[in-house]
Amino acid sequence: MNLDQIIKIDGFQSILYSLVDVIDTGIHIIDIKGRTIVYNKKMAEIEGMDLEEVLGKKIHEIFKFKEETESTLIRALHSGKTTENSKQTYFNNLGQEITTINNTFPILDQKQNIIGAIEVAKDITNLERIIKDNILNKGDTKYTFDSIIGTSENFLEVIEKCKRSTRTASSILIVGETGTGKELFAQSIHNGSSRSTQPFISQNCAALPDSLIEGILFGTKKGAFTGSIERPGLFEQAQGGTILLDEINSLNPNMQAKLLRALQERTIRRVGDTKDKQIDVRVIATINEDPIDAISNDHLRKDLYYRLSVVSLFIPPLRERKEDIPLLAQSFIEKFNALFELNIEGISEEVYSLFYDYDWPGNVRELEHIIEGAMNLMEPGDTKIAITHLPALFRKKAHLEDIHPGRKETHANGDLQESTLSLDDYIANTEKQYLEKILKEHGMNISQAAKALNISRQSLQYRLKKYQVK
């Protein structure tokens with residue numbers, strides 16, 4: 001049975017369309033006039049379109065292409081040339097950007113006349129977006145050491161150690177809980193070093209699937225896999241500069257081994273290639289858990305830890321430097337005053353008292369979000385952030401919503417009845433009484449009382465002054 005006989009079989013066309021719809025590759029076919037005659041489900045998914053929006057329409061009625069490019073389908077129709085593994089970026093009718101790797105062919109009749117064109121497409125839109133979102137060139141690194149806010153002793157020690165590390169190209173491991181500002185330190189180190197005029201590339205390792213991360217870090221060789229193109233990885237793009245690998249403990253062990261080899265040999269190999277490329281890149285990695293715990297829990301290879309931690313920086317959490325809260329809070333107020341066109345002067349003493357007592361599991365980032373949330377709730381004429389302005393979730397986390405204080409008042413008939421205190425008054429009265437009690441228990445020794453309260457001496461002195469406790 002030859003091809004002509006197969007085509008004449010009853011239902012063959014339905015079989016063909018069913019096959020086209022179930023394959024996991026985009027297929028788009030146009031006729032001699034450039035109108036769509038076949039458009040499968042996968043192509044509709046890639047391009048975010050409905051079948052009815054595309055069938056019977058010309059390419060340029062639906063999609064927009066950059067000025068210097070044209071549709072690979074139209075090119076095949078007009079030129080009669082086959083295009084393989086061609087990258088194409090264009091926009092659908094909603095303005096959404098789409099990037100595909102295309103194999104495009106002209107369709108010829110028996111006399112070798114062009115009667116249409118067919119395109120087989122593989123979606124790489126997400127890959128392109130990931131790369132764009134994670135590349136920061138020099139002009140995008142906005143943080144320097146002047147951007148770092150804090151005067152607490154343990155924090156200043158870290159800043160000084162960071163400044164010393166700018167003199168070399170050794171690998172750095174920055175350890176700190178989520179929200180402590182690890183990328184701020186990484187950018188400051190880069191901008192304070194001799195590499196400051198070279199690229200700074202930032203990649204959050206937790207944001208990438210295992211199937212993509214090797215190609216993104218080390219690049220790909222054309223033909224390494226279906227649809228792969230010649231692409232430099234982030235290490236090559238950071239040549240001469242710095243690469244930040246955020247949340248390094250989220251990489252799988254196999255990828256950590258390949259990263260270790262790259263650091264040791266100072267070479268990388270693109271996926272599918274047989275040759276190594278020399279690299280001159282400073283690596284800064286961050287981790288949001290204790291490295292010893294990460295090694296014990298198989299989140300971090302021990303040999304990679306030793307290679308990365310030539311310089312180790314431990315960023316203290318906010319709960320260990322609460323004396324920096326006023327400086328940080330004021331800087332955020334100034335930031336959001338400018339953004340929201342407000343004129344907020346500061347924070348009430350009651351809120352500061354609450355801030356000093358809170359443990360800040362989200363660290364500096366959480367403080368910033370709370371300040372932003374509070375400023376969104378302020379009324380015209382408000383000049384200071386009060387407890388009533390704080391976001392409800394924070395008040396709940398700070399255990400404010402379970403408090404129902406009251407006091408006894410004598411009424412005209414002589415009966416004692418309970419009258420509700422304001423929340424601020426209740427907190428102030430309770431705190432003052434408790435401070436007086438602890439001070440007496442420790443012979444009015446401020447250092448011992450602060451230790452018993454598990455707060456800093458500066459924090460206790462602030463409270464004593466506020467409540468006029470002598």
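A salt bridge here is a side-chain nitrogen of Lys or Arg within 4 Å of a carboxyl oxygen of Asp or Glu. In this predicted model, that rule gives a count of 15 salt bridges.

Within it, Lys-42 and Asp-24 pair up with their closest N and O atoms 3.3 Å apart. The two sit 18 residues apart and link distant parts of the chain, with Lys-42 in helix H3 (residues 41-47) and Asp-24 in the loop between helix H2 (12-22) and S1. Lys-42 is buried, at 19% relative accessible area, while Asp-24 is exposed, at 62%.

Another salt bridge brings together the side chains of Arg-195 and Asp-280, at 2.8 Å from N to O. Arg-195 belongs to the loop between helix H9 (182-191) and strand S9 (200-204), and Asp-280 to the loop between strands S14 (277-278) and S15 (282-287), so this pair ties together parts 85 residues apart in sequence. Arg-195 is buried at 12%; Asp-280 comes out partly exposed at 36%.

Glu-441 and Lys-437 also form a salt bridge, with 2.8 Å between the closest N and O atoms. These two are about one helical turn apart, because four residues separate them in helix H19 (residues 423-441).

As for the strands, S6 (residues 114-123) runs antiparallel to S1 (residues 26-31), joined to it by six bridges; Ile-30 has Ala-117 of S6 as its bridge partner. S6 also pairs with S5 (residues 97-108), again antiparallel, over nine bridges, and here Ile-101 partners Lys-122 of S6. S5 and S6 make a hairpin with five residues between them, and Gln-112 in the turn has a positive phi of about 65°.

Conventions:
Residues numbered from 1 in each chain as written. Predicted model: local features only at pLDDT ≥ 70, side-chain atom pairs only at ≥ 80, totals over all residues. Heavy atoms only, no water. Pairing = 2+ DSSP bridges. Buried < 20%, exposed > 50% of the residue type's maximum accessible area, 1.4 Å probe, protein only.
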